[in-house]
Amino acid sequence: MSDHQTILKDAANIKLVVFDVDGVLTDGKLMLGESGNEYKSFHVRDGQGIVMLLKTKCNVAVITARTSSIVSERMTSLGIKHIYQGEKDKGSALVKLIEQLKITLSEVAYVGDDVVDLPAMNKVALPIAVADAHPEVKKLAKLITINSGGQGAVREICELIMIAQNNFDEQIKAYLSL
């Protein structure tokens with residue numbers, strides 16, 4: 001079985017995709033204004049990928065070490081219900097989430113970019129690194145995206161999972177019939 005076939009097989013069983021935020025859903029840059037306001041840039045196509053994936057009944061979550069009202073606002077607007085912020089131990093947060101959802105780690109994909117993501121990535125069936133991830137994260141990943149964090153990597157992952165689960169075409173047809 002080729003690496004691509006193995007990844008598709010793993011992706012076909014995924015019931016939960018967990019994304020880091022900074023460096024995965026954003027390009028990792030923190031923009032701070034003079035008044036202390038924090039700004040983040042999210043790619044609209046990544047958001048659309050999440051919306052489509054959620055329509056397939058796949059669960060989506062974010063686990064991030066930082067805390068930001070911007071993250072809460074953006075994730076809620078996309079329909080993500082599982083938002084974990086201020087999590088220094090992402091592995092423990094992940095275990096609590098899967099217990100809540102009553103699924104197993106073999107049904108989880110985790111997408112990260114930096115060493116703080118390793119404890120969660122090390123637990124799941126499908127650890128994924130974005131193209132510009134830290135080398136240690138890439139070493140652990142079964143899949144490395146073509147696109148960088150905040151530049152379409154999330155959309156790439158969402159589409160891969162939908163294709164593996166045979167529901168990507170259904171999502172596209174829904175837009176063609178509008």
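Which side chain of opposite charge is nearest to the buried Asp 46, and how far away is it? I put this question to a predicted model.

**Entry 1: Asp 46**

I located Asp 46 in helix α2, which spans residues 44–55. I found Arg 155 to be the nearest side chain of opposite charge, at 6.9 Å. Setting aside neighbours within four places in sequence, I listed the contacts of Asp 46, among them Val 24, Gly 150, Gln 151 and Arg 155.

**Entry 2: helix α3**

I next examined α3, residues 69–78, where Val 71, Met 75 and Leu 78 are buried. Viewed down the axis of α3, these buried residues fall within an arc of 55°, so they line one face of the helix. I recorded that they pack against α2, β4 (59–63) and β5 (82–84). On the face turned away from the buried side I noted the exposed residues Ser 69, Glu 73, Thr 76 and Ser 77.

I also checked both ends of α3. Ser 68 caps the N-terminal end, with a side-chain oxygen 3.1 Å from the backbone nitrogen of Ile 70. Gly 79 follows α3 and has a positive phi, near 100°.

**Entry 3: helix α1**

In α1 (residues 3–12) I found Ile 7, Asp 10 and Ala 11 to be the buried residues. They lie on the same side of α1 because they cover an arc of only 100° around the axis. I noted their packing against β7 (126–129), β8 (143–144) and α7 (153–164).

Methods: Residues are numbered from 1 along each chain as its sequence is written. This is a predicted model: local features need pLDDT of at least 70, side-chain atom pairs count only at pLDDT 80 or more; totals for chains, interfaces and linings use all residues. Side-chain values use heavy atoms; hydrogens and water are left out. Buried means under 20% relative accessible area, exposed over 50%, partly exposed in between (1.4 Å probe, protein chains only). Helices (H or I, at least four residues) and strands (E, at least two) are DSSP runs, numbered from the N terminus. The arc is that of the directions from the helix axis to the C-beta atoms. Contact means heavy atoms within 4.5 Å. Lys and Arg count as positive and Asp and Glu as negative; His and the chain ends are not counted. A salt bridge is a side-chain nitrogen of Lys or Arg within 4 Å of a carboxyl oxygen of Asp or Glu. A polar contact is a pair of N or O atoms within 3.5 Å; within protein, one must be able to donate a hydrogen and the other to accept it, and residues adjacent in sequence count only if both atoms are side-chain atoms.
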